[in-house]
Amino acid sequence: MYDLAIIGAGINGASVAYEFAKVGKKVVIFDMEGIANGGSGAAGAFIAPKFSKEGELKELLNDAFVYSMEFYEKKFPHLLKKTKLFHSATDAKSSKILAKYKEKTSLKLQVASETFLNTLTPYAKEYGYICIDAGVVNAKAMCSAMCKSARFVEQKVESIVYDEAYWVINEIYSAKNVLLATGAYESIIKEPYIKLSGVWGHRIDIETSSENPCSIHQDVSISPSFNGELAIGATHNVHYHPQKSTTPYDLQEGRAELLSKAGKTIKLKDIKVLRDFTGLRSGSYDYMPIVGGLVMSKETLASKNIRYEVESSNTQNYTYYPNLYMINGNGGYGFVLAPYIAKILSEHILEAKEISKRLSPNRFFTRWAKKLF
Ligand SMILES: Cc1cc2nc3c(=O)[nH]c(=O)nc-3n(C[C@H](O)[C@H](O)[C@H](O)COP(=O)(O)OP(=O)(O)OC[C@H]3O[C@@H](n4cnc5c(N)ncnc54)[C@H](O)[C@@H]3O)c2cc1C
């Protein structure tokens with residue numbers, strides 16, 4: 001019997017596996033495609049905050065950025081490349097937002113060297129920029145390292161059934177708790193109030209004779225160069241979906257878009273594309289991640305005492321699946337958010353610490369249920 005069965009070995013599942021194993025819990029983690037072969041395997045895995053105007057998501061991402069940088073540095077220093085991050089505004093509007101961000105941020109501002117600035121195009125500097133300490137992680141190796149103390153099973157989870165005090169997975173494995181960390185893939189538990197979008201992305205590794213010492217973010221992200229290689233990513237292709245589109249994805253078009261966008265920011269010479277990575281980012285409808293226990297919608301709606309029109313609906317009166325949790329919806333910030341939200345979720349499961357309303361899946365249930373009455 002496992003303490004926790006995790007479905008999905010991307011960065012979200014792997015981060016929770018790490019938290020549980022750290023305190024001696026027995027974990028089994030399932031993935032039908034191996035470790036980090038979904039969205040997490042495609043990621044450039046840049047660790048950066050969100051340089052946007054005030055809001056819940058910016059706040060969360062700033063907290064997560066600070067937490068995760070320290071986490072990766074302490075626990076997996078060999079898989080984190082610490083670099084300066086040079087983030088440029090793209091137009092007059094984002095320039096104003098970035099200027100405000102710089103005024104208010106508690107992050108230490110760094111200075112970009114003249115030599116580095118000379119490798120950039122005029123567009124990279126036209127609307128202003130910010131330079132801070134940040135990093136890039138080795139996405140696949142990080143997920144594997146985090147899963148190391150768990151038992152990994154390469155298998156599609158087809159069924160989970162609750163049998164009085166524990167869950168039975170694929171009719172074989174039993175676990176006290178189950179975590180759905182399935183990214184943009186079809187969820188094994190279908191609840192009408194959980195809706196996730198999957199945005200296709202493409203990144204490339206290239207060979208180049210140009211040296212780049214920093215992470216650069218403008219129309220795309222460009223990693224520092226190492227041994228004559230660097231990564232460029234990623235596209236946001238809302239028109240393509242691997243399960244829904246009728247025509248295949250055009251890799252050449254994606255490469256051309258990435259190279260053209262990178263070329264607007266930095267002068268790269270002698271380019272040869274070495275590798276392509278593609279995958280879906282899973283996002284929630286309010287862009288905040290989804291972390292916590294799942295509401296059983298039918299059972300909760302059957303209860304007569306709950307008034308959904310009241311803003312502070314009594315979420316503790318909802319009926320929840322026993323010991324079933326979800327972690328998902330990280331959008332383009334999976335590697336920034338995962339260590340932070342995995343800690344929140346693990347403390348919730350193991351120590352009954354409350355999860356804030358802005359993260360809990362029950363916020364979507366309340367919104368959905370309100371519309372029914
Ligand atoms: C091109 C690209 C670039 C990106 N760049 C960055 C970046 O620079 N920085 C950053 O922080 N984030 C980045 N992201 C976002 C980040 O990759 C995602 O937010 C993150 O990967 C989400 O992780 P996840 O664990 O939720 O999902 P995934 O990594 O997709 O993992 C879900 C896993 O669940 C498995 N699964 C699903 N259903 C089942 C089942 N029934 N049985 C068994 N297994 C199942 C799948 O096989 C999959 O491996 C990028 C994403 C893309 C696509």
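These are legends for several close-up views of one predicted model. Numbering starts from 1 along each chain as its sequence is written. Because the model is predicted, local features need pLDDT of at least 70 and side-chain atom pairs count only at pLDDT 80 or more, while totals for chains, interfaces and linings use all residues.

View 1. Domain 1 puts 16 residues into the contact and domain 2 puts in ten; two residues are in contact if their C-beta atoms, placed from the backbone, lie within 7 Å. On the domain 1 side, that makes nine nonpolar, six polar and one charged residues. Here Ala, Val, Leu, Ile, Met, Phe, Trp, Tyr, Cys and Pro count as nonpolar, Asp, Glu, Lys and Arg as charged, and the others, Gly among them, as polar.

View 2. Helices (H or I, at least four residues) and strands (E, at least two) are DSSP runs, numbered from the N terminus.

**View 3. Helix H1 meets helix H7.** The axes of H1 (residues 11–22) and H7 (residues 139–147) come within 7 Å and cross at roughly 35 degrees. Axes are lines fitted to C-alpha atoms, for helices over the stretch in contact, with angles from 0 to 180 degrees between N-to-C directions. The crossing of H1 and H7 is left-handed, as the near helix is turned anticlockwise from the far one by less than a right angle. On H1, the contact uses Ile-11, Ala-14, Ser-15, Ala-17 and Tyr-18, and on H7 it uses Cys-143, Met-146 and Cys-147. Seven of the residues in this contact are nonpolar, one is polar and none is charged.

**View 4. An open, mixed sheet.** Eight strands line up as S3-S5-S4-S11-S12-S13-S10-S14, with mixed pairing; two strands pair if DSSP finds at least two bridges between them. Strand S3 (46–47) and S14 are the edges, each pairing on one side only. S10 and S14 run antiparallel over twelve bridges, and Arg-203 has Phe-277 of S14 as its bridge partner.

View 5. Strands S7 (residues 160–163) and S8 (residues 166–169) are antiparallel and joined by four bridges, with Ile-160 partnered by Ile-169 of S8. Two residues lie between the strands, and Glu-164 in this hairpin takes a positive phi near 65 degrees. Glu-171, in the loop between S8 and strand S9 (173–180), also has a positive phi, about 65 degrees, although it is not a glycine. Most residues other than glycine have a negative phi, and most peptide bonds are trans.

**View 6. A cis peptide.** Gly-233 and Ala-234 are joined by a cis peptide bond, with omega about -10 degrees. Ala-234 is in the loop between strand S13 (229–233) and helix H8 (251–265).
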